[in-house]
Amino acid sequence: MDDLLFSAEEHAEAAALTSRFIAQYQDTVASLPVHATIDRAAVRAVLASPLPDAPESLAALFDDLAAFVVPNATHTSHPRFLSYVMPSPNGISPYAESVAATLNQNCGLAKVAPSAAAVEQTVVRWLAEIVGMDASCGGIITSGGSVANLVGLTVARDHALGDTARTDGLQGGGAALTLYASDEVHSCNDKAVMQLGLGTKHLRKIPTDDALQIRMDMLRERVAKDRRDGFRPFCVIASAGTVTTGAFDPLNEIADFCAAEGLWMHVDGAYGALSAMSERFRSQLSGLGRADSISLDPHKFLFTSFEAGCVLVKNAATLEESFRVAPSYLAKDADPDLVNFSDRGPQLSRGFKALKIWWSLRYFGKTAYAATVDRVADLAQYMGQVAQDSPAFELLSPVTFNCVCFRMSGMDDDANRRVLRQLVDSGLAFLGPANVKGRIGMRACFMNLRTTRRDVDAIMSGLQRLASHGA
Ligand SMILES: Cc1ncc(COP(=O)(O)O)c(C=O)c1O
């Protein structure tokens, strides 16, 4: 075992153990406790384990999966895991991941990964088509929405800085750049603003209305005020699916405003942009194609395994202006057909994430995805109706997408937090906290391929039981 390669027997054994694990896990995940009761002694034993000197067997590695990893994992594929925006992966992703690792393409340079470049270009074009962006746009698969937003906002910043963006950066002087988003915008945009050296105080958080959408009147006022005060407004971040309530900002109005004001329109569509696959949500996303850049997440509504995000930039040249470098050792030849993806993002070495997106869309097809978006949105509507029909619950916001924010009525904030904690600790379901305009409650986000109405009923009666016990 000194050449680090597998013999035919080892391949056979590893393949059998892996496929058995994948099938068995998927078949039994619904019967596991959704929330791990962490075995601290086991965790500490692993934390203290020495660097291995001698080899172990494949069986020992898989035994540890069963003994340590699975029992101490949170089962995000469990039908009652409804926290965050965290789907269960589709059936094909684990296999695509293994194949991608086997091929081990380095997807930064077209000449060392030509077919992978073609696949990535193709999925980027398909994703652009779903959200209504012109096929001439530039795009790249990222690790997720956070990096997609970072890349989009980098291009927006560099575009605002102009010719000296690369050489002088923000140190070139000039008035402070300001950008705008609703106060419901995802925190990864604050992180991006920090990383880009813009300073979070220059990300103006604009209040939202009762539908949790950005107040256009206040956006207009703030931009006008900033101009009067000598700032340089340069970008509006619109949310296509805010993380807490799933609200969609008015994209067409924002696009009109950005066009009139000469501002870059970036859409954080990590959560909701791909719901454009469904007829039901397409009209509220009709302005997406007018954005200068969009982030979206195949590891959400395409249900790929983590990680898979994407950023699209309307003008492909501006994307490459922010990221292209050409040192002699990379020897990047221009190719008539293929893109060097290291010119479109921060990474040089990159894995073949596009394969699982390619296979997912080809194996299941867009129609099945549209039906799945509708199915999970229907589950949210169902839970919303149950909450509305029962005096035990109170909705915190209208149910317009695939998530529900609600609280136990007649109980204060602390009691609501307690009930949520007890629900999660009980292992019945994993919901997240919600704070909607200062009102505290809980949030269920339906992105799980196994969830049914029976799960919703079990959660709602479980919550009522917990509330009455603690009262
Ligand atoms: C609206 C929104 N933007 C960005 C993100 C961050 O995406 P990721 O976790 O893929 O980095 C999320 C995650 O849920 C989100 O909901």
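Which residue in E7 is the bridge partner of Ile 141? In this predicted model, that partner is Cys 310.

Strand E1 (138-142) and strand E7 (residues 309-313) pair in the antiparallel sense, with five bridges between them. Both belong to an open sheet of seven strands, whose order is E1-E7-E6-E5-E4-E2-E3 and whose pairing is mixed. E1 and strand E3 (203-206) stand at the edges; each has a single partner strand, so one side of each is left without a neighbour in the sheet. On average, neighbouring strands of this sheet are turned by 20 degrees against each other, direction ignored. In general, the strands of a sheet pair through backbone hydrogen bonds, in either a parallel or an antiparallel sense.

**Asp 333**

Asp 333 sits in the loop between helix H12 (316-323) and helix H13 (354-389). Its relative accessible area is 54%, and because exposed means over 50%, Asp 333 counts as exposed. Apart from neighbours within four places in sequence, Asp 333 is in contact with Lys 111 and Asn 340. Lys 111 is 222 residues away from Asp 333 in sequence, while the C-alpha to C-alpha separation of the two is 7.9 Å.

Technical notes:
Residues are numbered from 1 along each chain as its sequence is written. This is a predicted model: local features need pLDDT of at least 70, side-chain atom pairs count only at pLDDT 80 or more; totals for chains, interfaces and linings use all residues. Side-chain values use heavy atoms; hydrogens and water are left out. Helices (H or I, at least four residues) and strands (E, at least two) are DSSP runs, numbered from the N terminus. Buried means under 20% relative accessible area, exposed over 50%, partly exposed in between (1.4 Å probe, protein chains only). Contact means heavy atoms within 4.5 Å. Two strands pair if DSSP finds at least two bridges between them. Axes are lines fitted to C-alpha atoms, for helices over the stretch in contact, and angles run from 0 to 180 degrees between N-to-C directions.
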